[in-house]
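Subject: Structure for your review

Dear colleague,

Please find below the structure that I am handing over to you, together with its sequence. My findings follow, and I would ask you to read them with the structure open beside the text.

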Amino acid sequence: MKIDLSGKTALVTGSTAGIGLAIAKGLAAAGAGVIVNGRGQDKVDAAVRALSASKPSGKISGVTADVGTEAGCNALVAAAPEVDILVNNTGIFEVKDFFDIPDQEWSRYFEINIMSGVRLSRAYMKGMLKRNWGRIIFISSESGINIPTDMIHYGMTKTAQLGISRGLAKLTKGTGVTVNSVLPGPTLTEGVEVFLKGVARQNKQSEQEAAANFVKQHRPSSLVQRFAGVDEIANIVVFVASKEAAMTNGAAVRAEGGILDTIA
């Protein structure tokens with residue numbers, strides 16, 4: 001299968017590093033024009049340069065905007081008023097005891113992880129429906145189903161994304177627009193690599209041992225028994241964004257290595 005997204009424009013929020021940057025890279029490699037987004041101009045510029053270095057066929061551009069705020073979403077839409085593919089990737093997480101999470105932290109997670117996708121989907125989906133083609137993809141998590149007790153506020157937002165995604169998909173009935181969620185499991189982003197290096201130093205073990213032990217301890221039901229690479233998640237997102245994935249709509253596409261102990 002050759003995925004060709006030539007002529008399509010994709011916006012990936014939170015795409016200056018990690019899974020978001022890998023998704024942007026994958027979409028660009030498939031021929032899409034890609035709009036990189038992040039909160040810092042320097043990081044946005046660096047991501048644009050990195051993607052442009054491979055000389056993709058589509059245009060690579062960047063918009064600096066904090067999509068965790070209403071003003072930031074409005075600024076992004078003003079700079080990029082029309083897209084064919086929207087990947088709602090922006091999100092934050094932190095290990096924190098439930099009893100230590102204040103109200104303002106719940107509100108912050110809601111604004112960044114949930115409302116960013118709500119606002120941008122509201123801004124772009126009508127145009128997709130009018131053109132009779134489009135893709136909206138929420139980067140959720142297996143934590144949206146398998147709620148982690150040490151990140152209940154994060155898990156809550158990922159569950160909400162699944163509900164929003166499914167509800168929006170129902171609005172696409174009979175059209176060429178699809179709305180789906182992708183559910184990664186533990187993934188080796190730059191931030192996770194820093195965390196694992198610290199664990200390895202503390203426990204006097206290799207980073208590989210630290211990673212393997214983390215999965216065994218915190219995700220024992222994993223069938224692959226390892227972290228995913230960012231490109232492995234990106235590959236699934238690129239497929240869901242493709243023309244070939246027209247029959248995938250309203251779905252929660254699992255990319256978590258078999259952590260979730262369910263058949264469907």
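I begin with Gly174, which is found in the loop between α5 and β6. Please keep in mind throughout that this is a predicted model. With a relative accessible area of 83%, Gly174 is exposed, because a residue counts as exposed when this value is over 50%. Between the C-alpha atoms of Gly174 and Ile263 there are 28 Å, and these two residues are 89 residues apart along the chain.

Strand β6 pairs with β5 in the parallel sense, over 6 bridges. In this pairing, Ile139 stands opposite Val182 of β6.

Both strands belong to an open sheet of 7 strands, whose order is β3-β2-β1-β4-β5-β6-β7 and whose pairing is parallel. At the edges are β3 (60–64) and β7 (252–255), each of which pairs on one side only. On average, neighbouring strands of this sheet are turned by 20° against each other, direction ignored.

Elsewhere in the sheet, β1 pairs with strand β2 (residues 33–38) in the parallel sense over 4 bridges. Here Ala10 stands opposite Val34 in β2. Helix α1 lies across β1, β2, β3, β4 (85–88) and β5, and runs at about 175° to β1.

Two loop residues deserve a separate look. Ser15 is found in the loop between β1 (9–12) and α1 (18–29). Is Ser15 buried or exposed? Its relative accessibility is 0%, so Ser15 counts as buried. A polar atom of the Ser15 side chain lies 2.6 Å from the backbone oxygen of Val12. Not counting residues up to four places away in sequence, Ser15 touches Gly20, Leu21, Ala24, Ile35, Val36, Asn37 and Ala47.

The second residue is Glu142, in the loop between β5 (134–139) and α5 (152–170). Glu142 counts as buried because its relative accessibility is 1%. Leaving aside its neighbours within four places in sequence, Glu142 is in contact with Leu183, Pro184, Gly185, Pro186, Arg219, Glu256, Ile259 and Leu260.

Finally, I turn to a pair of helices. Two packed helices are described by the angle between their axes and the distance between the axes. For helix α6 (residues 190–203) and helix α7 (residues 207–218), the axes come within 8 Å and cross at roughly 105°. How are α6 and α7 oriented to each other? Angles of 65 to 115 degrees count as roughly perpendicular, and α6 and α7 are therefore roughly perpendicular to each other. On the α6 side, the contact is made by Phe195, Leu196, Lys197, Val199 and Ala200, and on the α7 side by Glu207, Ala210, Ala211 and Phe214. By class, this contact of α6 with α7 has 7 nonpolar residues, 2 charged residues and no polar ones.

With kind regards

Terms used. Residues are numbered from 1 along each chain as its sequence is written. This is a predicted model: local features need pLDDT of at least 70, side-chain atom pairs count only at pLDDT 80 or more; totals for chains, interfaces and linings use all residues. Side-chain values use heavy atoms; hydrogens and water are left out. Buried means under 20% relative accessible area, exposed over 50%, partly exposed in between (1.4 Å probe, protein chains only). A polar contact is a pair of N or O atoms within 3.5 Å; within protein, one must be able to donate a hydrogen and the other to accept it, and residues adjacent in sequence count only if both atoms are side-chain atoms. Contact means heavy atoms within 4.5 Å. Axes are lines fitted to C-alpha atoms, for helices over the stretch in contact, and angles run from 0 to 180 degrees between N-to-C directions. Angles under 35 degrees count as roughly parallel, over 145 as roughly antiparallel, 65 to 115 as roughly perpendicular and the rest as oblique. Ala, Val, Leu, Ile, Met, Phe, Trp, Tyr, Cys and Pro count as nonpolar, Asp, Glu, Lys and Arg as charged, and the others, Gly among them, as polar. Two strands pair if DSSP finds at least two bridges between them.
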